[in-house]
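I should like to take you through one structure, beginning with the whole chain and then turning to particular parts.

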Amino acid sequence: MSESDLESVAQNIDNISNNLKTRGIGVIAEAYEQYQKEVAKAEALAYKGEAGKVVMDKINELAQIFAQVTQNDIKELPMFMKDSEALKKTAAFAALNAEHIRFGDYSESITVEEFVDAAKKYMNPDHFEEGERAVEEAVNSDQAAANELFNSFDWRKLGTMFYLLGYKPIQSQFLYGPLATQRRRLGPRTRNVDDTLNTQGKTTAQKVSVEEIHPDPEQSTSHMVRSIYRQLVTKSAEEKLNFFVFFLNPFSFAQLVENLFYISFLVRDGKIRLDSDEDGTPYVEVLDEGDTADDGAPISHHIATFDHTTWRQLVAQYNITEPFIPHRDVPEDEDLPSTP
């Protein structure tokens, strides 16, 4: 579209504005229709990205038409619908023009180098204070220095800005599994056979003896806790006992774990104290009846790992040949890892 065409479009706008002052609702409706026709004619400029001035003129023209509507106290719904259609048409026209703008044709555009430099400065404001680009080129020649330079930028800051200002939704990789859509595969159904209809292949429940229903009372937790407490009072009532010597069993790793379980009840009930000496070695000691923990003292918990190798090392370190807590002759798993 030439400049003469633009001048004719502007002249038509002025003519419409002048006619609005002397004519009624029908003229305003005609003005909206003429307005949309003028916008359609200017779409050729929008496809070239050269309709920036026309967009501003159209917005001003539409504001003038709507001002006539408000001034004449027009309340008919069709008139407001025409204004909405014209405004939607203008917005699409402006978006079309913005989509086809060629930034390289304007002096206000920036180069790729300027954009990259600005992004680096945003992620690390102190990046170009020493030596600027010459320092960066020298650093890139060394891989270790290049990695250090790369890690100096706050990439999370740039990503946060991208998600805040962009239209891309935040990714949620941890939801891929629960949200995965997979059709359920229908397999053959297994029919339940009623074995009461015939006597062949009839199954009966296994007989359980009374001894199996009622476990041995000597293997109960309360009995073992009391037994271990008596052992500690009898053998080491007036002195501190090394904690490893107390619970380690050189013959059974499983009973070592059981001993720790039973000892935890003694510590919880305030029967014994578990502490460490100046060298950091843990010890236990029996508490007197009046020497109980303060009710207001904080309760602490400790979780530690204990494997088969550590067990063997501690047994050898403290030269433990007999367990302080007597060994219990009970069946145990035979699949323990072999000793080194």
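**Overview of the model**

The protein has 14 helices and 3 strands; these are DSSP runs, helices being H or I of at least four residues and strands E of at least two, numbered from the N terminus. Please note that this is a predicted model, in which local features need pLDDT of at least 70 and side-chain atom pairs count only at pLDDT 80 or more, while totals for chains, interfaces and linings use all residues. Residues are numbered from 1 along each chain as its sequence is written, and side-chain values use heavy atoms, with hydrogens and water left out.

Of the 340 residues in the protein, 24% are buried. Buried here means under 20% relative accessible area, exposed means over 50%, and partly exposed lies in between, with a 1.4 Å probe and protein chains only. The accessible surface of the protein is about 25900 Å², and carbon and sulfur atoms account for 53% of that surface; the areas come from the Shrake-Rupley method with a 1.4 Å probe, and for residues only the protein chains shown count as cover. Among contacts between residues at least 6 apart in sequence, 70% join residues at least 24 apart, a contact being heavy atoms within 4.5 Å.

**The sheet**

β2 is joined to β3 (residues 282-286) by 5 bridges, and β1 is joined to β3 by 2 bridges. Among the residue pairs, Arg 273 has Glu 285 as its bridge partner in β3, Asp 275 stands opposite Tyr 283, and Leu 241 has Val 284 as its bridge partner. The hairpin of β2 and β3 has 5 residues between the strands, and Gly 280 takes a positive phi near 85° there.

Is β3 enclosed or open? 5 of its 5 residues are buried, so β3 is largely enclosed by the rest of the structure. In a regular strand the side chains alternate between the two faces of the sheet. In β3, Pro 282, Val 284 and Val 286 point one way, whereas Tyr 283 and Glu 285 point the other way.

**Helix α13**

Helix α13 (residues 253-268) has 16 residues, which at 1.5 Å a residue should span 22 Å; its end C-alpha atoms are 23 Å apart, which agrees. The expected span is 1.5 Å times one less than the number of residues. Phe 253, Gln 255, Leu 256, Asn 259, Tyr 262, Ile 263 and Leu 266 are buried in α13. Seen down the axis, these buried residues fall within an arc of 165°, so they line one face of the helix; the arc is that of the directions from the helix axis to the C-beta atoms. Their cover includes α11, α12 (243-247), β2 and α14 (308-317).

The buried residues of α6 are Ala 119, Lys 120 and Met 123. Seen down the axis of α6, they fall within an arc of 100°, so they line one face of the helix.

Finally, Asn 97 lies in helix α5 (residues 77-99). Asn 97 counts as buried, at 5% relative accessibility. Not counting residues up to four places away in sequence, Asn 97 touches Leu 45, Ala 46, Gly 49, Glu 50, Ala 51 and Gly 52.

Technical notes
Pairing = 2+ DSSP bridges.
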